[in-house]
Amino acid sequence: MTTGTAYLLVDVAGTDCVLPRGAVREVLPLPRLWRPPGAPTTLAGFLNLAGAAVPVLDLAALFGLGRPATARQALYRHLVLLHGESLLALMVDRVADVVRVEPERVRPVADGATLNGCVAAEIRLGDRLVHGLSVDRILLAEERDRLAAQTREAQARLAEWAA
C-alpha cells in the first residue's frame, strides 16, 4: 500500500506545481468561458456549471508566467475545481498525474517566497523539485472580496437567461 500525502501534479506555463488532492473537487477539460469586460487578466472568465457562475483563475497570469507557444499545447488545458465555501476553478496548462509524497520529501517555504506567495512547500518528485501550492494563498483577502462581487454579477447575468 502506498503511503504519503496525495497531490495533483499540474503544469502551469511550463512550471511543475502540485495542489493538495484533498483541495480538489474535480478536474474538467477547458470549456468555453465568459469573460466580463474590464476583468483583471488573472480572471480567465466564468464557467456555467449547472447554472452556477464559477470564477476561473488563470494561474499562469497570476504567477506572472507566460503561456504555451502553440495552439496544440493550449488544447490540453484543464480546470481544477476546488472544494470550498464558494466555487472556484483554476486554469492550468495540463493536469499530469496524482502523486503520493512522503513527508520527508516536503520542505516548507516561507510566505511570499515565490510565485506570488502561493507556494507553501518545495516537494521532491524523483530528481526534480516542484512547487507545492497553497489554495489559501492563491488570492489576497481584498482580491477574494472583489472576485466575490464579480461572481455575484456573473450569477445575476446567468439568472437573466434562465428559463
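This note goes through a predicted model of one protein chain, from its overall build to a few single residues.

1. The overall build comes first. The protein chain contains three helices and eleven strands, and from the N terminus on these elements follow the order β-β-β-β-β-α-α-β-β-β-β-β-β-α.

2. On burial and surface, 40% of the 163 residues of the protein chain count as buried, while the accessible surface comes to about 9,300 Å², with 52% of it belonging to carbon and sulfur atoms. As for contacts with a separation of 6 or more, 56% of them are between residues 24 or more positions apart.

3. The largest nonpolar core has 29 residues, and within it Leu59 and Val80 touch the most other members. Several elements give two or more residues to this core, among them strand 1 (5-12), strand 5 (52-58), strand 7 (88-92) and helix 3 (141-161), but it is helix 1 that gives the most, with four residues.

4. Val80 deserves a separate look. Leaving aside residues up to four places away in sequence, Val80 touches Leu8, Val10, Leu19, Val24, Glu26, Leu88, Ala89, Leu90, Val92 and Val95. Strand 6 (78-82) is one of the elements that give two or more residues to the core.

5. Strand 5 is mostly covered, since six of its seven residues are buried. Strand 5 pairs with strand 4 in the antiparallel sense over six bridges, and with strand 7 in the parallel sense over three bridges. Val56 in strand 5 shows both pairings, being the bridge partner of Gly45 and also standing opposite Ala89 in strand 7.

6. Two alanines call for a check of the backbone. Most residues other than glycine have a negative phi, yet Ala13, which is not a glycine, has a positive phi of about 50 degrees. Ala13 is found in the loop between strand 1 and strand 2, and at 23% relative accessibility this residue counts as partly exposed, because the partly exposed range lies between the buried limit of 20% and the exposed limit of 50%.

7. The other alanine is Ala50, which likewise is not a glycine and has a positive phi of about 55 degrees. Ala50 belongs to the hairpin of strand 4 and strand 5, where two residues lie between the strands. With a relative accessible area of 85%, Ala50 is exposed.

Key:
Residues numbered from 1 in each chain as written. Predicted model: local features only at pLDDT ≥ 70, side-chain atom pairs only at ≥ 80, totals over all residues. Heavy atoms only, no water. Buried < 20%, exposed > 50% of the residue type's maximum accessible area, 1.4 Å probe, protein only. Contact = heavy atoms within 4.5 Å. Areas by Shrake-Rupley, 256 points an atom, 1.4 Å probe, with all protein chains shown as cover. Core = buried A, V, L, I, M, F, W, Y, C linked by side-chain atoms within 4.5 Å. Pairing = 2+ DSSP bridges.
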